[in-house]
Amino acid sequence: MCDSVDPVIAPSGTLLGLLQRGRGDGTLHALTAPRSEALAALDQCVLRDPRHDWQVENRSLYYARLYLDLDGSLDAVEAHLFAPEDHTATGEERTGLAVSVLGHLASYGRDDALALLRRYAAHGANWRWALDELAVRDDDAALGALAAPVLARFPATPEGEAELAAAAADSYEPRPWHLWAEDPDPAIGPRVRAALERTSFGLWQRQLATPDRPQWSVDGVLTWAQEGHDRGNDRHVPAARCLATVATATDRPALLAAARGGLDGARAAALSHLARSGDPAALDLIEAAVADGAPVVREAAVESLGRMDGTPVLVRARGWARRPDALGAAAGQLLACRGSADDGPLVLAALREAVRGTGPDGPALWSLVDGAGRLGIAQAAPVLRHLYRETASSHLRGRTAQALAATDATFARGFAVECLWDCEETTREVGARHAATGDQRVVGRLRRLAADPAEEAEVQTAVRSRIGPDTAAI
């Protein structure tokens, strides 16, 4: 993404929409589309990151492989990295995907990608990310040449030295910094060594620092939770963990009173604690909180239900699952996670309702999809196929693929095949385990994944489970 606005995702039936989602069919369609059209869509994805959560979802290896297959030019990527906006919109989300794609291309031997990474590390705003990519791919000489332009970013003032130390501390890959610390140049080696020493000292100071802690009593923890809520910093989850340490049987009446009608922050904390500890009154308190509690209390109640276990909880959840509110939705999710095969109809109803209510990307879908697969609900297959096609979340699509493998008799000959080209390694692993090998595309793809050094070990293990040590045996 180039800004804070959620990306606009094209329809799933278009080439752009497939590539934005990272679906395997995106690659397969791009390889048969006019090359100029495919490269234009690929460039758009890389320059305007389509992920809703760019810190979690994978796309870089997926796009890098497609650049290789299409023998695509990097001119558009270069123009994006060195555009004037690089000096104004300096957030790493603007260029992070492009830099990661270049890193994978460099690993595949694209010298133009390596040169772009070096240049961007020297002059670009997101130089830290570029340096991390180079740290695991470039040689010592090239990394050593970057010391001067990187250090030039930090003035030789107390503030500049502090910023330099912070940059060294925040680096994901320390190799360049340790390499520079050994540089004989008096303007480089001593300065980097001082920054690294300051980093170590700063870590020691942070470890000694005393965080804001509650008083170690039930009243103290509840007061701490309420103070945080009053300041807009809800603490009911950490407060519940504290209560698990300090509360005793004699404190139960006070906790029950707080959970029934205490101030909002304290009520949420007490409710969370009682639910986590399996208190027999917790289920009634949850139902009451959903009925009359403030938003933070209702949120704590619904969240607490998902943390509970045991037969009484399941019995109550079966009664709640038909409710058209947040408690009903939470009950459906609980049954998806912990229910039995007899709960299949309730989980299926909750799944359908979640899709109708929030579309293919709602937060409740994760547990419901998993539950449909765990319980083997064959009737859920049509809904799961819809989610697989439409969701913009590559992680949710991967979970959906696993559920389809357990519920859909057509999966091995259908979606499992395209899973082999998916952007998420866990989804490629599902494809490697289930795709029917009667399709010649599957045979060739399994062999390529087995030989690709950039492929994840789990995927290659799944491939070997299908083809054995001799790939010709497939």
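**Close-up views of a predicted model**

**View 1. Helix 4 and the lining of the largest cavity.** Helix 4 (residues 60–70) supplies four residues, the largest share of the lining of the largest cavity. This is a predicted model, in which local features need pLDDT of at least 70 and side-chain atom pairs count only at pLDDT 80 or more, while totals for chains, interfaces and linings use all residues. Residues are numbered from 1 along each chain as its sequence is written, and side-chain values use heavy atoms, with hydrogens and water left out. Helices are DSSP runs (H or I, at least four residues) numbered from the N terminus. One cavity of 30 Å³ or more is found in a search of the whole structure. On a 1 Å grid over the protein atoms alone, a cavity is a set of points where a 1.4 Å probe fits but cannot get out, and lining residues have an atom within 4 Å of a point. The largest cavity holds about 70 Å³ of space, a volume being the space filled by probe spheres set on the points, which are joined across faces, edges and corners. Its lining consists of T27, Y62, R65, L66, D69, W421, D422 and R445. By class, these are three nonpolar, one polar and four charged residues (Asp, Glu, Lys and Arg are charged; Ala, Val, Leu, Ile, Met, Phe, Trp, Tyr, Cys and Pro nonpolar; the others polar).

**View 2. The largest pocket.** A pocket is an open set of points with protein on both sides within 12 Å along at least five of seven lines. The volume of the largest pocket is about 710 Å³. It is lined by 26 residues, of which N58, S60, S100, H104 and E133 are the closest to its centre. Helix 4, helix 6 (92–107), helix 8 (127–135) and helix 27 (425–434) each contribute at least two lining residues, and helix 6 gives the most, with five. The lining comprises nine nonpolar, six polar and 11 charged residues.

**View 3. The second largest pocket.** This pocket has a volume of about 400 Å³. Among its 19 lining residues, D325, A329, A350, E353 and A354 are the closest to the centre. At least two lining residues come from each of helix 21 (326–338) and helix 22 (344–358), and helix 22 gives the most, with seven. The lining divides into 10 nonpolar, four polar and five charged residues.

View 4. L143 lies in helix 9 (residues 140–145) and is buried, at 0% relative accessible area (buried means under 20%, with a 1.4 Å probe and protein chains only). Beyond its neighbours within four places in sequence, L143 is in contact (heavy atoms within 4.5 Å) with L131, L134, A135, D138, R175, P176, L179 and W180. The C-alpha atoms of L143 and P176 are 6.3 Å apart, although 33 residues separate the two along the chain. In helix 13 (residues 189–208) is R191, which also counts as buried, at 16% relative accessibility. With residues up to four places away left out, R191 touches L151, F154, P155, A156, E161 and L164.

**View 5. Two nonpolar cores.** A nonpolar core is a set of buried Ala, Val, Leu, Ile, Met, Phe, Trp, Tyr and Cys residues joined through side-chain atoms within 4.5 Å. In the largest core, of 85 residues, L222, I286, L305 and L351 touch the most other members. Setting aside residues up to four places away in sequence, L351 touches L365, L368, V369, A372, A380, V383, L384 and L387.

Key: Buried < 20%, exposed > 50% of the residue type's maximum accessible area, 1.4 Å probe, protein only.
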